Amino acid sequence: MPRTRPDKENSAPSSKRRRILRIAVIAVAAIAIYYVNIEVQTRLGRKAIAETGLQSLPLDEALRVASVSDKTVLVNVSAVWCPSCRALDREVFSDARVAEAIRTSHVYSRLEYESAEATAFLRERDTRGFPNLWLLDAGGRPLRRIEYTLDATAFLQSLLQGES
């Protein structure tokens, strides 16, 4: 029996459905890849934070502790899923010298970038982005911003600048 070629009128709806299905599959795959990536980055970030050994306090609590301990507050506005923030945790905050300097002279407060607390903190200082590092006095007034670096020695020098 000879094959008959379907006429264009009958194949057009089928072809259109296949295109729509293909686009839908690509969109679902892209969304799935995005969320899997965020989940992986978040897990890696939490691991890097834990490996610093630093105790992070909410900002209001860090300010209270600083006021009774005669220390300044080191505020780190970061995103747990951020590769640059994770590198800062691994390369700088995990360095024994840096961690000891923070524990000795500062109270550490890590603010999650997407939190209301971090949003308010950055708005008050008219700044954006992450990681964003600040030294505050016990009253919450900014002493200075610390520039982002992955060099632990340079970070330590910046952190201790002005201390006797």
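I began with the largest cavity, which holds about 50 Å³ of space. The model is predicted, so I kept its limits in mind: local features need pLDDT of at least 70, side-chain atom pairs count only at pLDDT 80 or more, and totals for chains, interfaces and linings use all residues. Residues are numbered from 1 along each chain as its sequence is written, and side-chain values use heavy atoms, with hydrogens and water left out.

**Entry 1: terms for spaces**

I noted the rule for a cavity: on a 1 Å grid over the protein atoms alone, it is a set of points where a 1.4 Å probe fits but cannot get out. A pocket is an open set with protein on both sides within 12 Å along at least five of seven lines. Lining residues have an atom within 4 Å of a point. Grid points are joined across faces, edges and corners, and a volume is the space filled by probe spheres set on the points.

**Entry 2: the cavity**

I looked up the count, and it comes to 1 cavity of 30 Å³ or more. I49, T52, L54, S56, D89, Y108 and R110 line the largest cavity. The elements giving two or more residues to this lining are α1 (8-52) and β2. Helices (H or I, at least four residues) and strands (E, at least two) are DSSP runs, numbered from the N terminus. I sorted the lining by class: 3 nonpolar, 2 polar and 2 charged. Here Ala, Val, Leu, Ile, Met, Phe, Trp, Tyr, Cys and Pro count as nonpolar, Asp, Glu, Lys and Arg as charged, and the others, Gly among them, as polar.

I turned to the largest pocket, with a volume of about 160 Å³. Its lining is L54, Q55, L57, V65, K71, I102, R103, H106, V107 and Y108. Two or more of these residues come from each of α4 (96-105) and β2 (106-112). β2 gives the most, with 3 residues. By class I noted 6 nonpolar, 2 polar and 2 charged residues.

**Entry 3: A99**

I found A99 in helix α4. Is A99 buried or exposed? A99 is buried, at 3% relative accessible area. Buried means under 20%, exposed over 50%, partly exposed in between (1.4 Å probe, protein chains only). Not counting residues up to four places away in sequence, A99 touches T52, L54 and F93. Contact means heavy atoms within 4.5 Å. A99 and T52 are 47 residues apart along the chain, yet their C-alpha atoms are separated by 7.3 Å.

**Entry 4: T42**

I placed T42 in helix α1. T42 is buried, with a relative accessible area of 8%. Leaving aside neighbours within four places in sequence, T42 is in contact with V80 and W81.
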